[in-house]
Amino acid sequence: MFVFLLNRLWQSVILLIIVSIIGFTILNMIPGGPLSQYALDPGMTAADLERLKEQMGLNRPLPIQYLDWAWRMAGGDWGTSYRDGQPVTAVIGRHIFATLILMGSSMAISMALGTWIGIRGATHRYSIFDYTATVGAMVALSIPTFWFGLVGIYIFSLQLGWLPAGNMYTIGNETVLGYLQHLILPSLVLSLVHVAVWSRYMRTATLDVINQEFVRTARAKGVPEKRVLMKHVVGNALLPMITLAGMQLPQLLGGALVTETVFTWPGMGRLFLDSLGYSDYPVVMGLLMLSAILTLLGNLIADIVVSMVDPRIRLS
Amino acid sequence: MISAPASPAAAHEAALSINSLTVSLPKGMERGHAVRDISFDLIPGQILCIIGESGSGKSVTANAIMGLLPASIRVTSGAIRVGATDIMSIERSELRDMRGRIVSMIFQDPLSALNPLMTVGAQIVEVMTSHGVGTPSERRARAIELLTEVGLPEPSVMFNQYPFRLSGGQRQRVMIAMALALEPSVLIADEPTTALDVTTQAQILKLIRDIQRRKNMSVMFITHDFGVVAEIADSVVVMEKGSIVEQGGAEQVLKNPSHPYTKRLIASVPHMIGQDRTPLSASGAEPILRVQNLVKTYRSGSRLFGRERVVQAVNDVSFDLLPGRTLGVVGESGSGKSSLGRLLLKLMNSDSGKIIFEGQDIASMPEEKFRALRPKLQMIFQDPFASLNPRSTIGHILTVGPCAHGVPYEKAKADAQALLKQVGLDAGAFGRYPHEFSGGQRQRVGIARALMFKPKLLVADESVSALDVSIQAQILKLLEQIQRDTGVSMVFITHDLRVASQICDEIAVMQKGKIVERGPPSRIFLNPQSAYTRELVAAIPGEKPGV
């Protein structure tokens, strides 16, 4: 197990380096460069820009800039935002909480609901429930999220007036209830897609297991149907879902670009979009690295959990 | 052996009684009924064998008794009584309670019949928990007692093992322990030894018979193997296409079968032939294939961090094969016989040793050079379903190889049509797809494919193992005929000594990568020299060596 972890860690570091090089290169290939925002200021002269470049070390060759950035990064210094001069970590820190509750709540809903729909769809295959769930999932997957968002806002905020149309809280009313009210709509809209995906995977995983011989063995032993389903079928069907869940981790903190924009939610997705717009390279690179780290971490955690749950891996 | 006739008068005392049972299949299947109007009784304390080829409806019957039929298949008429209970009329919950307590079942494939995520002990305990029997500590004690009873080593350690750690035979013992947990009066065994090696099969058969005698249990044993029937049956039911064609005492059915189907089935069971074939070539001839000190080692795991697993798949194997002769390579799973076959055709590379084919060492030959020789060495595969591309016509399957080697299509087509006739298919098969053919017919296509190149050497890897016995007999006859017509040499790989004795001039017995014994069938069967061969021969069901 220790060897396995060490190996994975080593591979992860190499992967991170590759990702960062690709990200850094592409980012610097964008026309305009990091100082394009300053260049827009009519008060800026060419000499001013040169001085700025000098100050920020942007006149050095790209590989040197990368090495400098990577070295600091490894030491925990993620750089400073061009936009407001704050450390990148602080900027990310301000947005991460908003994303965490939005994505956390929506994923909790979608995993719980999706798992249930998936299992029921598999056990009642080709029933009305199964067909409805299948068609529903296809509809949810084919209609873009922003449309659901806008329709949701139109119905529940504009017409019915039940829920706020955007933002995370109303200034002056920063109670838990206030937060919750703001959370409901974006969280449900996001869940729609995730439930669809999750239920389809769960249905397939369950169907894979439900016809296996050990399930028939359990029935032949006289095990009650409920236990056959929960212990033998679902127990085995959840194994591949762990890996899938691990792959959701980067999303959990990476945020949802579209939904956050539609609902003016101050999360990571919007931060990424805004930072790109402002050519705020340090923040963009920071977010890129964060999502890369989370992807690797999510996979690693999933592998560890699977190996703990599955004796065939744990003991071999 | 006691053979009690299954008379209707005995019905009230039968442990299990099937009366005019008909189970219908969903529309669009080959036939409307899985089983039609079948009746038989299982006399208490007896072993009743139900024998039939694939599709005869024997497994459906077993599942109907357990109430485990899939929803699309239903019992349309008839009665199933277990003891005094009519299981057709009881509630689902009562039926559930009967399973495992009054009727237990064990299945064919012990590798997939156990939950991979639960320990062996937990799965045995579950039987008792599900029927509300005993306290947790009593259940545990009982489970360990059962593991002891089925002859598993270190039962208290075994209790905490996961199934993947166990061999096939051990898993089947666990299945039996599970089935016996609540001392059921009826045990249904659905081909419980089919997936096992012959020595393991012999042990499991003995175990089932011993337990049946000790507990005076009634066993309904489903099999396709008359050898197995001869080993354990008190009475026999023969099924064909969903109907019972014959039933009676084991002795009577085996010795004096009355129905033509039974006669045909018994006649096609391969028997050990103690007599050697008349070789097609003189013994002084130059060998076509000469294998010298062939070695192949599989390595898995990391060499860097220790824990490397090394398996000697083929360990210092040498033999000669004369033109027109057949060498049988016999062994149990893991003996290295299939690896040897793959090495001979250079489907994988050997570590060391020589394979001299027509005077050239092909083991060390680079792939580009060997390509020209490849047509001369062909393989016939085991699974006639997986080895033909379902999206290609038979014609394409047969001609694509020769065309790739530069034969003009028209010529290849003519060859293919002639070969189809030779392997017993009509020339119209050329334009059809594999799914339109039965397993036996597909295997004929597989043979035709190998013959397209006019090979000098055929390697047949378990080529008849997946087939029903009657089909098996036909394919063996076909191979024999082809050898006589073309003079091709054959390496015939099989786990079945009986089959090997039918077709081989010489047999090599493999164990753990080594050839432990080599000789003509007569010597291997009648006077085996090594202990392992003796064990193998003794394990063959339904055969008394030398008789």
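Which domains does the domain assignment of chain A give? There are two: domain 1 covers 2-74 and domain 2 covers 88-314, with bounds that come from an automatic or database domain assignment. Before going on, a word about what you are looking at. This is a predicted model, where local features need pLDDT of at least 70, side-chain atom pairs count only at pLDDT 80 or more, and totals for chains, interfaces and linings use all residues. Residues are numbered from 1 along each chain as its sequence is written, while chains are lettered from A and ligands numbered from 1 in the order in which they are written.

Back to chain A. The C-alpha centres of domain 1 and domain 2 of chain A lie 32 Å apart. Where they touch, 14 residues come from domain 1 of chain A and 11 residues from domain 2 of chain A; two residues are in contact if their C-beta atoms, placed from the backbone, lie within 7 Å. On the domain 1 side, H1(A) gives the largest share, 9 residues. Helices here are DSSP runs of H or I with at least four residues, strands are runs of E with at least two, and both are numbered from the N terminus.

Now find helix H8 (residues 176-210) and helix H10 (residues 225-246) of chain A. Their axes come within 8 Å and cross at roughly 140°. Axes are lines fitted to C-alpha atoms, for helices over the stretch in contact, and angles run from 0 to 180 degrees between N-to-C directions. That angle makes H8(A) oblique to H10(A), since under 35 degrees counts as roughly parallel, over 145 as roughly antiparallel, 65 to 115 as roughly perpendicular and the rest as oblique. Among the residues making this contact are Tyr201(A) and Met202(A) of H8(A), and Val233(A) and Leu244(A) of H10(A).

Over in chain B, look for an open sheet of 6 strands in the order S6-S7-S8-S3-S9-S10, with mixed pairing. Two strands pair if DSSP finds at least two bridges between them. The edge strands are S6 (103-106) and S10 (243-249) of chain B, each pairing on one side only. Inside the sheet, S3 (residues 47-51) and S8 (residues 218-223) of chain B run parallel, joined by 5 bridges. Cys49(B) stands opposite Phe221(B) in S8(B). Helix H6 (residues 168-180) of chain B lies across S6 and S7 of chain B, at about 175° to S6(B).

Finally, the two chains meet: 24 residues from chain B and 19 residues from chain A make the contact. On the chain B side, H3(B) gives the most, with 3 residues.
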